[in-house]
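Look at the sequence and the model below before reading on.

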Amino acid sequence: MPVLPALRRAAVALLLAAATSYATPAHPAAADEPGWTAEPAAGTASGVRPYFYLAGAPGTVLEDRLALANATDQERTITLRGADAYNTADGAFAVRPAGATAAAPTAPGAGSWISFGAATTVKVPPRTRAVVPFTLTVPPASPPGDHPAAVLATEGGHEVGVRVHLRVGGPALAALTVEDVAVRGRGAAAVIAYTLVNRGNVALAPELRIRTDALLGEASDPPRGRTLPVELLPGQRVELTEPWPGAPALDRVRVTLTVTAPGGARAVATGSCWLLPRGLAGWTGAGLLGLGATAAALYLVRGRRPEPGPGPAPDAPPAAGPTTPAPHHELTGAAR
């Protein structure tokens with residue numbers, strides 16, 4: 001019958017129409033895209049630069065350029081400023097909000113040395129690339145070393161940051177310390193916690209080596225010779241952890257951390273602790289407390305026992321009357 005082929009053709013047409021309608025869906029995320037970018041302008045002898053690198057002596061005025069590209073059909077009004085950079089507690093790179101400065105004695109930071117002059121607000125026409133010059137004035141009394149900062153471009157709640165690596169001329173010192181080494185967690189969830197502090201004046205790319213020693217058995221070391229995914233900025237302190245899935249369940253361990261970085265920085269620190277199963281730790285603590293209480297009670301009982309007096313004379317007759325039994329002490333709960 002011709003009805004069936006017609007129904008088949010109609011069903012195929014409906015399927016194709018549905019497939020076509022879902023093949024080109026709307027993209028609501030595109031509305032959140034800023035449509036503009038900020039990056040270092042290409043230099044005369046180089047191409048794309050991922051960040052600004054500036055170097056000079058105290059009192060020097062350094063110059064560079066920021067490129068703003070507007071890929072949309074609307075004019076963009078972009079606000080520019082410099083900002084101090086720092087490490088968050090977990091080691092990430094961050095910049096301080098507007099009006100905030102680093103804590104003394106490093107405040108104000110290099111972000112306040114950046115100036116766009118009168119071009120703090122730039123209007124970029126549609127489909128246009130604008131190049132904005134700026135200066136970085138190094139104060140005459142600036143200490144040598146690295147001074148991390150960033151250039152921030154903001155428009156409509158969207159902010160783009162470009163890092164500024166500033167090196168002030170003078171002696172460079174690479175130095176760090178490792179502190180607060182501890183083991184947290186148990187079993188496969190155990191981690192080695194520690195704190196790194198940059199004691200020098202240059203940014204560091206630290207490398208970590210871990211060695212573990214066990215009192216009763218053998219402890220498998222965590223991965224060794226690992227470069228940490230952290231750029232440790234001068235004067236910054238970060239708290240890090242390393243997973244230790246091979247930590248023993250019941251043992252006393254000692255963990256030795258050796259951290260090195262280019263420039264001769266090296267630091268070693270150790271930490272030791274008992275690793276006990278959760279249930280065993282509670283029973284062990286209660287047993288130790290009970291043992292201490294028992295020992296204290298025995299000491300008190302012995303201290304209160306009367307000392308024997310002088311005995312009767314050899315020729316004296318025995319005392320008349322019933323004999324009083326010797327005093328008897330029993331410590332309830334004491335081991336027998």
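Begin with Arg 167 and Asp 146, which form a salt bridge whose closest N and O atoms are 2.3 Å apart. A salt bridge here is a side-chain nitrogen of Lys or Arg within 4 Å of a carboxyl oxygen of Asp or Glu. The two residues are 21 positions apart and link distant parts of the chain, with Arg 167 in strand β11 (residues 158–168) and Asp 146 in strand β9 (residues 145–146). Helices (H or I, at least four residues) and strands (E, at least two) are DSSP runs, numbered from the N terminus. Arg 167 counts as partly exposed because its relative accessibility is 31%, while Asp 146, at 17%, counts as buried. The cut-offs are under 20% relative accessible area for buried, over 50% for exposed, and partly exposed in between, with a 1.4 Å probe and protein chains only.

The model is predicted: local features need pLDDT of at least 70, side-chain atom pairs count only at pLDDT 80 or more, and totals for chains, interfaces and linings use all residues. Residues are numbered from 1 along each chain as its sequence is written, and side-chain values use heavy atoms, with hydrogens and water left out.

How many salt bridges does the structure hold? There are 11 salt bridges in the structure. One of them joins Arg 237 to Glu 179, with 2.9 Å between the closest N and O atoms. This pair also links distant parts of the chain, since Arg 237 lies in strand β16 (residues 237–243) and Glu 179 in strand β12 (residues 176–184), 58 residues apart. Arg 237 is partly exposed, at 41% relative accessibility. A network of salt bridges links Glu 179, Arg 199 and Arg 237.

Another salt bridge, between Glu 39 and Arg 129, has its closest N and O atoms 3.5 Å apart. Glu 39 is in strand β1 and Arg 129 in strand β8, so the pair ties together parts 90 residues apart in sequence. Glu 39 is partly exposed with a relative accessible area of 28%, and Arg 129 is partly exposed with 46%.

Strands β1 and β8 belong to an open sheet of four strands, in the order β1-β3-β8-β6, with antiparallel pairing. Two strands pair if DSSP finds at least two bridges between them. The edge strands, each pairing on one side only, are β1 (36–40) and β6 (114–115). Five bridges join β1 to β3, and Glu 39 has Ala 67 in β3 as its bridge partner. Strand β3 (residues 61–70) pairs with β8 (residues 128–137) over 10 bridges; Leu 68 stands opposite Ala 130 there.

A second open sheet has four strands in the order β15-β14-β17-β18, again with antiparallel pairing. Its edge strands are β15 (226–227) and β18. Strand β17 (residues 251–261) and β18 pair over 11 bridges, with Arg 254 opposite Ser 272 in β18. Trp 274 also lies in β18 (residues 265–275), and at 46% relative accessibility Trp 274 counts as partly exposed.

Now consider the whole chain. Its secondary structure comes to two helices and 18 strands, and buried residues make up 32% of its 336 residues. The mean pLDDT is 77, and 66% of the residues reach 70 or more; pLDDT is the predictor's confidence in each residue, from 0 to 100. Over residues 316–336 the pLDDT is below 50.

Conventions:
Contact means heavy atoms within 4.5 Å.
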